[in-house]
Amino acid sequence: LRHGYIINSSDTMRSIKIAAGQAENMARVRIKNAYISIGGVGLEEIRSKGETVIARADSVITDLDIDKALEVSEKKIESRLLNKKIIHVVPLLYKIDGQNIYGRPLGMKGAKLEVETLFISCFEQHLNDLISAVEGVGIAVKDVMASPIAGSLVTLSRAQKMVGAVLANIGAETVSLVVFENDIP
């Protein structure tokens with residue numbers, strides 16, 4: 001690896017196999033599946049906004065309305081996603097008829113739904129190389145997560161994320177940083 005990117009896939013696969021073997025020996029459990037985290041300089045956050053008119057005649061907001069607003073938000077950033085893949089979609093703020101809504105708007109009433117969304121993306125080729133290396137040693141990849149988010153799951157409590165916290169992961173060649181407030185990255 002160099003700056004979080006796979007330079008030599010055979011060396012990477014060998015290292016994964018050794019690490020997995022050591023983990024299996026210590027846990028006395030065979031590793032069949034894995035959740036992997038991805039980092040490196042290609043990890044990026046993009047913010048966007050989307051809006052939609054509520055579809056139902058009774059003005060009740062449904063999952064379809066929420067999905068449509070998120071879809072519009074994603075379409076607005078398509079040009080910034082060349083060679084990138086979205087790995088996280090985080091709704092930061094919803095608005096109904098211009099008023100901020102804290103929490104999910106499902107079941108509430110209104111004419112127009114807006115959403116501010118955080119997209120976390122990475123280089124698609126880097127992601128594919130990492131998945132291929134892990135699957136190349138016989139471990140199925142269940143899901144992928146950005147390494148700063150994954151790191152926060154084991155180092156920060158929910159209370160810390162609610163009141164506000166910064167997690168800096170300083171590695172040999174890369175540094176990742178995530179800021180939490182109100183349990184939202």
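A residue is called buried under 20% relative accessible area, exposed over 50% and partly exposed in between, with a 1.4 Å probe and protein chains only. The model is predicted: local features need pLDDT of at least 70, side-chain atom pairs count only at pLDDT 80 or more, and totals for chains, interfaces and linings use all residues. Residues are numbered from 1 along each chain as its sequence is written, and side-chain values use heavy atoms, with hydrogens and water left out.

The protein chain contains five helices and eight strands; helices (H or I, at least four residues) and strands (E, at least two) are DSSP runs, numbered from the N terminus. Along the sequence these elements follow the pattern α-β-β-α-β-β-β-α-β-α-α-β-β. The C-alpha atoms of the chain fill a box of roughly 60 × 35 × 30 Å, taken along the principal axes. Of the 185 residues in the chain, 35% are buried. A contact means heavy atoms within 4.5 Å. Among contacts between residues at least 6 apart in sequence, 69% join residues at least 24 apart.

Strands of a sheet pair through backbone hydrogen bonds, either parallel or antiparallel. Here, two strands count as paired if DSSP finds at least two bridges between them. An open sheet of four strands has the order β2-β5-β3-β4, and its pairing is antiparallel. Its edge strands are β2 and β4 (99-101), each of which pairs on one side only. On average, neighbouring strands of this sheet are turned by 35° against each other, direction ignored; axes are lines fitted to C-alpha atoms, for helices over the stretch in contact, and angles run from 0 to 180 degrees between N-to-C directions. The antiparallel pairing of β3 and β5 extends over eleven bridges. Within it, Ile86 has Ser121 of β5 as its bridge partner.

Side chains of opposite charge can pair when their charged atoms come close. A salt bridge is defined as a side-chain nitrogen of Lys or Arg within 4 Å of a carboxyl oxygen of Asp or Glu. The whole structure holds eight salt bridges. One of them joins the side chains of Glu44 and Lys84, at 3.3 Å from N to O. This pair links distant parts of the chain, with Glu44 in strand β2 (residues 44-53) and Lys84 in strand β3 (residues 84-96), 40 residues apart. Glu44 is partly exposed at 28% relative accessibility, whereas Lys84 is buried at 14%.

A salt bridge is also found between Arg47 and Glu45, whose closest N and O atoms are 4.0 Å apart. Arg47 is partly exposed, with a relative accessibility of 47%, and Glu45 is partly exposed as well, at 44%. In a further salt bridge the side chains of Arg158 and Asp183 meet at 3.9 Å, N to O. Arg158 belongs to helix α5 (residues 158-163) and Asp183 to the segment after β8 (175-180), so this pair ties together parts that are 25 residues apart in sequence. Arg158 is exposed, with a relative accessible area of 56%, while Asp183 is partly exposed at 28%. Salt bridges that share partners join Glu45, Arg47 and Glu116 into one network.

Aromatic rings were examined next. Rings of Phe, Tyr and Trp (its six-membered ring) pair if their centres lie within 6.5 Å; planes under 30 degrees apart count as stacked, over 60 as edge-to-face and the rest as tilted. One aromatic pair is present in the structure. Tyr5 and Phe123 form this tilted pair, with 6.2 Å between the centres and 45° between the planes. Tyr5 lies in the segment before α1 (9-27) and Phe123 in strand β5 (residues 112-123), so the pair ties together parts that are 118 residues apart in sequence. Tyr5 is buried at 18% relative accessible area, whereas Phe123 is partly exposed at 33%.

A charge sits over a ring if NZ of Lys or CZ of Arg is within 6 Å of the ring centre and within 35 degrees of the ring normal. Lys84 lies over the face of Phe123, at 4.4 Å from the ring centre. Lys161 is placed over the face of Phe180, at 5.0 Å from the ring centre.

Ala146 is located in strand β6 (residues 140-146). Ala146 is buried, with a relative accessible area of 1%. Not counting residues up to four places away in sequence, Ala146 touches Ser37, Ile38, Leu43, Ile87, His88 and Ile120. Ala146 and Glu44 are 102 residues apart in sequence, and their C-alpha atoms are 9.5 Å apart in space.
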